[in-house]
Amino acid sequence: MAESWNVNGTYFEACNCAVACPCIFFSAPTEGSCTIIAAWHVDKGNSGAVQLDGLNVALLATTPGHMMQTKWKVALYLDDKASEEQQKALGGIFSGQAGGHLAVLGPLIGEVMGVKAVPIEYSASGKQRSLRIPHIAEADIEALEGQGGALVTIDNHPFSIVPGQAAVVATSRKLKYSDHGISIDISGKNGFYSPFAYQS
């Protein structure tokens, strides 16, 4: 029997779609294809006896067309501060191989380009979220200002990395990625953020 696990914390994503990304409604991406970086910071977590508090994970996914109709290419990045045991646990959880919500992405993935242990800087402050992976990725998003300065949120959308949480709609100040032969450097595009909680 597989060990039980539980992780929670904060997450954000940035992609090349215009705000707000229609992929979360099972619609086609605004640019014909979609490239997304998602990042998670684990506030508290464990996989069996392995503690995962304070560790970061990032995922790059790219699709040549509609996310529900074309196979994804993905790359997973694990916090190099993690021990070998912790990296194994994070890899299983955030690839979906350990079950839980992220396992539903499995049938959509056509190619895993790689899994790397890298330095990951993750920041969540006020209405801003940012990710840094040296020489690979930079992502900065800020919440879109709604009526009266309130957050703009989307709730109960059918396709979500984080089910059960309202997504705060954001705009990217930077989305830069260069690895596995994929290169993007854009701004002013879509972002989402929310808390997350996954478990087996």
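**Notebook: rings and hairpins**

I searched the whole structure for aromatic pairs and found nine. My criterion: rings of Phe, Tyr and Trp (its six-membered ring) pair if their centres lie within 6.5 Å, with planes under 30 degrees apart called stacked, over 60 edge-to-face and the rest tilted. Trp40 and Phe94 make a tilted pair, 5.0 Å centre to centre with 50 degrees between the planes. This pair links distant parts of the chain, Trp40 in strand 2 (residues 34-47) and Phe94 in helix 1 (residues 84-95), 54 residues apart. I take helices (H or I, at least four residues) and strands (E, at least two) as DSSP runs, numbered from the N terminus.

The model is predicted, so local features need pLDDT of at least 70 and side-chain atom pairs count only at pLDDT 80 or more, while totals for chains, interfaces and linings use all residues. Residues are numbered from 1 along each chain as its sequence is written, and side-chain values use heavy atoms, with hydrogens and water left out.

Next, burial. Trp40 counts as buried at 1% relative accessibility. Phe94 is buried too, at 4%. Buried means under 20% relative accessible area, exposed over 50%, partly exposed in between (1.4 Å probe, protein chains only).

I then checked Tyr77 and Tyr177. Their ring centres are 6.4 Å apart and their planes stand at 70 degrees, so the pair is edge-to-face. Tyr77 is in strand 5 (residues 72-79) and Tyr177 in strand 11, 100 residues apart. Both tyrosines are buried.

I also noted one aromatic cluster of Tyr11, Trp40, Phe94, Phe196 and Tyr198. Elsewhere, the charged end of Arg129 sits over the ring of Tyr193, 3.9 Å from its centre. The test there is NZ of Lys or CZ of Arg within 6 Å of the ring centre and within 35 degrees of the ring normal.

On to the hairpins. Strand 7 (residues 121-125) pairs with strand 8 (residues 128-133) in the antiparallel sense over five bridges. I count strands as paired if DSSP finds at least two bridges between them. Ser123 stands opposite Ser130. Two residues separate strands 7 and 8, and Gly126 in the turn has a positive phi of about 60 degrees.

Strand 8 also pairs with strand 9 (residues 137-143), antiparallel, over six bridges. Gln128 has Glu142 as its bridge partner there. Three residues lie between strands 8 and 9, and His135 in the turn has a positive phi of about 65 degrees.

Last, I looked at Ser172 in strand 11 (residues 167-179). Ser172 is buried at 3% relative accessible area.
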